[in-house]
Amino acid sequence: MRQTVQSAVATRWLERWDAQQERYVPDREERFRVVIDVVTAAAGDGPATVVDLGCGPGSLSQRLADALPEVQVVGVDADPLLLGLGRANTNPRVRLIEANLADPGWTDATGLPGPWDAAVSSTALHWLSPDDLGQLYRVLARNLRPGGVFVNADNMGLGQPALDGIADAVRRARTRRVGTQDNEEWSAWWQALRADDELAPLIDARSNAAIAHSGENGLTVWQHAELLRQAGFAEAGPVWQFGDDHVLVAVR
């Protein structure tokens, strides 16, 4: 059974979510804009179907639907708490569904027969193991139309220690320049959220779901690209970068 919260409560927590995310991704809004630009380049500005993988509370899903008025977006995540927050304030052309991306049958839950025009993800897939990620990429390759795109926006290393250190320093310097270095930390956000009695139904739902992460997979942007090509994508590579922050695009 889906649990819901009042819109005002969800809005308050989603605003805090966006702020704490910007502590780690200082150019988060620009990164979202790049993802939208890629989807527009591949699908045009007419009707299109987009799947948002590991959507959390639907931050990217919402922005896609707001920017592209004929796009239908289905966001997929395993966390009922984040989904519950997102469902309280979602564009009517966005559906957020609960499913585990490590289960190859997750596509059935989307209700989209396919082929899809695009799949996107933001700061989410680093939790999947390389094997699960390879499986996910194969599922995407089967469900995207020829010319369709997968767009992954995340912090991905370069696989060279000195360059990775410099990339991290560049991102931290950018964080200081835009003033988000003192934003709420990820762990503090979760701690405060769990103490909010108004969210008790969503917190209980999350506890029952036993959400677990396998840990950072540590894959470089180039290893992601190779996995995508092995999965059946024709081309894959980064189209935007700031420090270790990348937007990686794969074309079916």
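Contact here means heavy atoms within 4.5 Å. The legends below describe a predicted model.

**Figure 1. Overall view of the predicted protein model.** The protein contains 10 helices and 7 strands. Its C-alpha atoms occupy a box of roughly 50 × 45 × 35 Å along the principal axes. A compact globule of 252 residues would have a radius of gyration near 18 Å, and the 17 Å of the protein agrees with this. Among contacts between residues at least 6 apart in sequence, 73% join residues at least 24 apart. Buried residues account for 50% of the 252 residues. The accessible surface comes to about 11300 Å², and carbon and sulfur atoms contribute 50% of this area. There are 23 positive and 34 negative side chains, and the centres of these two sets lie 1 Å apart.

**Figure 2. The largest nonpolar core and the surroundings of Tyr137.** This core has 33 residues, of which Leu53, Trp106, Leu125, Tyr137, Leu140 and Phe150 touch the most other members. Two or more residues each come from the strands β1 (48–53), β2 (71–77), β4 (116–122), β5 (144–155) and β7 (245–251), and from the helices α6 (130–143) and α10 (221–231). Helix α6 gives the most to the core, with 6 residues. With neighbours within four places in sequence left aside, Tyr137 is in contact with Leu125, Phe150, Asn152, His224, Leu227, Leu228, Ala231 and Phe233. Another core, of 27 residues, lies apart from this one; its members include Cys55, Leu64, Val120 and Val149.

**Figure 3. Val50 and its contacts.** Val50 is found in strand β1. The residue counts as buried because its relative accessible area is 0%, and the limit for this class is under 20%. Leaving aside residues within four places in sequence, Val50 is in contact with Val39, Leu64, Val71, Gln72, Val73, Val74, Ala118 and Val120. Leu68 stands 18 residues from Val50 in sequence, and the two C-alpha atoms are 11 Å apart in space.

Figure 4. Asn143 lies in helix α6. At 17% relative accessibility, Asn143 is classed as buried. Most peptide bonds are trans.

**Figure 5. The backbone at Thr123.** Thr123 is found in the loop between β4 and α6. Phi of Thr123 is near 50°, a positive value in a residue other than glycine. Most residues other than glycine have a negative phi. With a relative accessible area of 25%, Thr123 is partly exposed, a class that runs between the 20% limit for buried and the 50% limit for exposed residues.

**Figure 6. Gly159 and its approach to Thr220.** Gly159 is placed in the loop between β5 and α7 (161–178). Thr220 is 61 residues away from Gly159 in sequence, but the C-alpha to C-alpha distance is 5.7 Å. Not counting residues up to four places away in sequence, Gly159 touches Asp164 and Thr220.

Terms used
Residues are numbered from 1 along each chain as its sequence is written. This is a predicted model: local features need pLDDT of at least 70, side-chain atom pairs count only at pLDDT 80 or more; totals for chains, interfaces and linings use all residues. Side-chain values use heavy atoms; hydrogens and water are left out. Helices (H or I, at least four residues) and strands (E, at least two) are DSSP runs, numbered from the N terminus. The radius of gyration is taken over C-alpha atoms; the globule rule is 2.2 Å times the number of residues to the power 0.38. Buried means under 20% relative accessible area, exposed over 50%, partly exposed in between (1.4 Å probe, protein chains only). Accessible areas come from the Shrake-Rupley method with a 1.4 Å probe; for residues, only the protein chains shown count as cover. Lys and Arg count as positive and Asp and Glu as negative; His and the chain ends are not counted. The place of a charge is taken as NZ of Lys, CZ of Arg, CG of Asp or CD of Glu. A nonpolar core is a set of buried Ala, Val, Leu, Ile, Met, Phe, Trp, Tyr and Cys residues joined through side-chain atoms within 4.5 Å.
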